[in-house]
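Subject: Structure for your review

Dear colleague,

Please find below the structure that I am handing over to you.

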Amino acid sequence: MASKKCPPGNADSGEKLFKARCTQCHTIAKGAGNKQGPNLYGIVGRKTGEVPGYSYTTANKDANITWTEDNLYVYLEKPKAMIPKTKMTFTGFKKPEERADVVAYLKKAGTA
């Protein structure tokens, strides 16, 4: 699915970006609830639309994408390009290094 490889990122920088741009809608702690968006704990390796208790759009549930590092890297550039009818309003991380950093953080924090 991904047309771009995710380069290595800095999880510490990704944590700062996540806290600044993502926590208003998402949590990433094991067992934490959903917010406006689903809890992202364990996202790497999970399929779209699978967080229990979260109300996904049909487009997200039917996308059948497994969230690999490469797929997340592409998605975080412009979410609506990958899943056109997602309810995620975030327009994306335009800088490649920021996307790579956030993916590194999602992988690290999502397994802690």
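The notes below set out what was found in this structure, topic by topic. Please bear in mind throughout that this is a predicted model.

**The nonpolar core**

The largest nonpolar core contains 24 residues. Those with the most contacts inside it are Phe 18, Ile 28, Trp 67, Tyr 75, Leu 76, Met 82 and Leu 106. Three helices, α1, α3 and α5 (96-109), each give two or more residues to this core, and α5 gives the most, with six residues. As general background, nonpolar side chains in soluble globular proteins tend to be buried together.

When its neighbours within four places in sequence are left aside, Phe 18 is in contact with Thr 23, His 26, Thr 27, Ile 28, Leu 40, Tyr 105 and Leu 106.

**How α1 meets α5**

How are the axes of α1 and α5 placed relative to each other? They come within 7 Å and cross at roughly 95°. Angles from 65 to 115 degrees count as roughly perpendicular, and α1 and α5 are therefore roughly perpendicular to each other.

On the α1 side, the residues that take part in the contact are Ala 11, Asp 12, Ser 13, Gly 14, Glu 15, Leu 17, Phe 18 and Arg 21. From α5 they meet Glu 98, Asp 101, Val 102, Ala 104, Tyr 105, Leu 106 and Lys 108. By type, the residues of this contact divide into seven nonpolar, two polar and six charged.

Asp 12 deserves a separate look. This residue lies in helix α1 and is partly exposed, with a relative accessible area of 47%. Although Asp 12 and Val 102 are 90 residues apart in sequence, their C-alpha atoms are 8.9 Å apart in space.

**Salt bridges**

The structure holds seven salt bridges, and three of them are described here.

The side chains of Lys 4 and Glu 77 meet in a salt bridge, at 2.6 Å from N to O. This pair links distant parts of the chain, 73 residues apart: Lys 4 belongs to the segment before α1 (11-21), while Glu 77 is in the loop between α3 (69-75) and α4 (79-82). Both residues are partly exposed, with relative accessible areas of 35% for Lys 4 and 25% for Glu 77. Lys 4 and Glu 77 also belong, together with Arg 99, to a network of salt bridges.

Lys 5 forms a salt bridge with Asp 70, and the closest N and O atoms are 3.4 Å apart. This pair, too, links distant parts of the chain, with Lys 5 in the segment before α1 and Asp 70 in helix α3, 65 residues apart. Are the two partners buried or exposed? Lys 5 is exposed, with a relative accessible area of 67%, whereas Asp 70 is buried, at 19%; the cut-off for buried is under 20%. Not counting residues up to four places away in sequence, Lys 5 touches Asp 70 and Tyr 73. The C-alpha atoms of Lys 5 and Asn 71, which are 66 residues apart along the chain, are separated by 8.4 Å.

The side chains of Lys 19 and Glu 15 meet in a salt bridge as well, at 3.1 Å from N to O. Both residues lie in helix α1, four residues apart, which is about one turn of the helix. Glu 15 counts as partly exposed, at 28% relative accessibility.

Asn 60 has its place in helix α2 (residues 58-62) and is buried, with a relative accessible area of 8%. With residues up to four places away in sequence not counted, Asn 60 touches Thr 48, Gly 49, Ile 83 and Thr 86.

Asn 64 is found in the loop between α2 and α3 and counts as exposed, at 52% relative accessibility. For context, most residues other than glycine have a negative phi.

Yours sincerely,

A colleague

How values were computed: Residues are numbered from 1 along each chain as its sequence is written. This is a predicted model: local features need pLDDT of at least 70, side-chain atom pairs count only at pLDDT 80 or more; totals for chains, interfaces and linings use all residues. Side-chain values use heavy atoms; hydrogens and water are left out. A salt bridge is a side-chain nitrogen of Lys or Arg within 4 Å of a carboxyl oxygen of Asp or Glu. Buried means under 20% relative accessible area, exposed over 50%, partly exposed in between (1.4 Å probe, protein chains only). A nonpolar core is a set of buried Ala, Val, Leu, Ile, Met, Phe, Trp, Tyr and Cys residues joined through side-chain atoms within 4.5 Å. Contact means heavy atoms within 4.5 Å. Axes are lines fitted to C-alpha atoms, for helices over the stretch in contact, and angles run from 0 to 180 degrees between N-to-C directions. Angles under 35 degrees count as roughly parallel, over 145 as roughly antiparallel, 65 to 115 as roughly perpendicular and the rest as oblique. Ala, Val, Leu, Ile, Met, Phe, Trp, Tyr, Cys and Pro count as nonpolar, Asp, Glu, Lys and Arg as charged, and the others, Gly among them, as polar.
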